[in-house]
Amino acid sequence: MESLKRITLNPAKCGLDLGDGSERAEYVNQDYILNVLGRPHRNIGIMYTYYPKDKEWPQRISEACKDMEIHFQWDYPYDDYFPYLGGIGGSMDGEPFTFMRDIRKHGQDVALTLTIDCSLEDEYLRQIAKELRTFGRMRLRINHECTGDWFTHNQRFSYQDIGDFFVRFAKIVKEEAPNVSIVYCGGSVTSLDDDAPIQYEKEFTEAYKVADYWSNDCYLALHYGWPFDVCEKGGDSYAVTPLDTFVERLEKTSKRLTKVADNVCKPLVISEFNTDGDVTGPRRQGESIKRFVERIKSDDADWFDGFSMYQFRDRGRLGLEIEDPNNKSVGIAQPLLKQYQEILKDPYFQPVIEEKDKLELPAKMRWGGSEDADGVAIDIKMEGNPEFFEITFEEELNIMMEINGKWFYKAPETKTVDLMPAFFDSEVKDGQVLTLKMFAPPATGENDESQGDDWAVNYYTEMKKMPELRIRYEAVEDL
């Protein structure tokens, strides 16, 4: 092995995010997702709702109103996401905080979507903002799809009310938790004509200005009648958008938002994206997504921040896996999963890791987030394909590591990690040099206020001793 060196983690040309749980599915732990997909994402999106003054609160509304006759997913008194259990009188011991910690331990940032009662007083919003302070460079999407007419916020409040609430909440978050970026998720241009306005543009102009990111939720195909009807040809509960129209609408939406926001262009992300297998069938689901990816690469637009695959596991056909109807903890891989794995390997969507100067132990490692971190690396000269490749740590460190294109996680209490899956699908030549790269996200999933002035956006770990590698090129015995 060569000497230790410092490495930095930097943004990809285009970020890849992943939805994990919603009204359509349960949260899937990050150990499982990492093992299936082979690398972490930039952001993991989770979706919650907060209506603490409703009589059913804090129950999930579909459970509280399980005997209610409904004909559309959003007919309940409030949105059928899992309840946000923090806030005034709440606790950070449960959801969503347990999942936020899981996401950050595994080297990813949190993208929290929160549908929330727009009549809540400032003290409710301030408490939520304080609860987000320790979760680093996360994103908060407030009352998404706010120009629609289906969510509870649209049914109880006017578009102007929703826009004003967004600005009020965003300003409180910036006061209490400046580490949190605010995402405005609204509509698109009303037509493809030049200079066409955004839906309800006047009501949301201030929201465009106060947000850090702009977002659309848009699908190349979507069965929006799910799960209350079956998608059949000629039906009226699904929609399809041709790729050229889809991309042109995104670009014109960004340009129009920039104009209205005093010529300040905020990065735009698709917070929910997929082609619904209910429309195309699972065999052809990934074809249009691959064409979209190639279009994004060829356009190389500086205004486009990335997209979030919605979602990892789904009870319908919007997932890389379908939830087993017999056991919600089991996922059934779809053809799309293999196609998405190839997208994950594309350098255009990979974070950039740069090698810097040499290091001596003890080495200080900094975690700013999934696109900004300082880690350590060591070169390993191989003698061919290994039969065993394991790494053992004496220190109780929380480590994300990559070798030969595959990422692994080591929890603080874990001693040894088997890295052989990095070699199952590739051939290593004698003399080939591989680099083992290591980063240290927060061990608890939260930043530590005692670490200094920049604690809200950076987390520090000291590695005092290098882990030991066990590399063998022959089996213990041949049979």
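Predicted model: local features only at pLDDT ≥ 70, side-chain atom pairs only at ≥ 80, totals over all residues.
Reader: Where is Pro 52 found, and which residues does Pro 52 touch beyond its sequence neighbours?

Author: Pro 52 is in the loop between S3 and helix H2 (61–64). Like any residue between the two cut-offs of 20% and 50%, Pro 52 counts as partly exposed, here with a relative accessible area of 22%. Leaving aside residues up to four places away in sequence, Pro 52 touches Trp 57, Leu 120 and Tyr 124. As for Arg 168, 116 residues separate it from Pro 52 in sequence, and the two C-alpha atoms are 18 Å apart in space.

Reader: Let us turn to helices. Which residues of helix H3 are buried, and what covers them?

Author: Helix H3 spans residues 97–105, and its buried residues are Phe 97, Met 100, Arg 101, Asp 102, Ile 103 and Arg 104. The elements that cover them include helix H1 (30–37) and helix H4 (122–131), together with strand S3 (43–50), strand S5 (109–116) and strand S17 (363–369).

Reader: How is the packing of two helices to be read, and at what angle do H10 and H11 pack?

Author: One considers the angle, the distance between the axes and the residues in contact. Helix H10 (residues 285–299) packs against helix H11 (residues 335–345) at an angle of about 15°, and their axes are 9 Å apart. Angles under 35 degrees count as roughly parallel, so H10 is roughly parallel to H11. Their crossing is right-handed. On the side of H10, the contact is made by Gln 285, Gly 286, Glu 287, Ile 289, Lys 290 and Val 293, and on the side of H11 by Leu 336, Gln 339 and Ile 343. Sorted by class, this contact of H10 with H11 has four nonpolar, three polar and two charged residues.

Reader: At what angle do the axes of H7 and H8 cross, and which residues make the contact?

Author: The axes of helix H7 (residues 201–210) and helix H8 (residues 243–260) cross at roughly 80° and come within 9 Å. Angles of 65 to 115 degrees count as roughly perpendicular, so H7 is roughly perpendicular to H8. Glu 201, Thr 205, Tyr 208 and Lys 209 of H7 meet Arg 256, Leu 257 and Val 260 of H8. By class, the contact of H7 with H8 has three nonpolar, one polar and three charged residues.

Reader: How does one read the order of a sheet, and which strands make up the sheet that contains S19?

Author: Strands of a sheet pair through backbone hydrogen bonds, in either a parallel or an antiparallel sense. Here, three strands form an open sheet in the order S22-S19-S25, and the pairing is antiparallel. Strand S22 (416–418) and strand S25 (468–472) are at the edges; each has a single partner strand, so one side of each is left without a neighbour in the sheet. From one strand to the next, the twist averages 20°.

Reader: How many bridges join S19 to S22, and how many join S19 to S25?

Author: Strand S19 (residues 388–392) is joined to S22 by three bridges and to S25 by five bridges, with the strands running antiparallel. Towards S22, Glu 390 has Asp 418 as its bridge partner, while Thr 392 stands opposite Thr 416. Towards S25, the bridge partner of Phe 388 is Arg 472.

Reader: Which residues of S19 lie on the covered face, and which on the uncovered face?

Author: In a regular strand, side chains alternate between the two faces of the sheet. The covered face of S19 holds Phe 389 and Ile 391, and the uncovered face holds Phe 388, Glu 390 and Thr 392.

Reader: What is the pairing in the open sheet with the order S13-S14-S15?

Author: That open sheet of three strands has mixed pairing. Strand S13 (313–314) and strand S15 (327–333) are its edge strands, and each pairs on one side only. Strand S14 (residues 321–324) pairs with S15 in the antiparallel sense over four bridges. At this pairing, Glu 323 stands opposite Gly 331 in S15.

Terms used:
Residues numbered from 1 in each chain as written. Heavy atoms only, no water. Pairing = 2+ DSSP bridges. Axes fitted to C-alpha atoms, helices over the stretch in contact; angles between N-to-C directions. Parallel < 35°, antiparallel > 145°, perpendicular 65-115°, else oblique. Left-handed = near helix turned anticlockwise from the far one by under 90°. Contact = heavy atoms within 4.5 Å. Nonpolar A, V, L, I, M, F, W, Y, C, P; charged D, E, K, R; others polar. Buried < 20%, exposed > 50% of the residue type's maximum accessible area, 1.4 Å probe, protein only.
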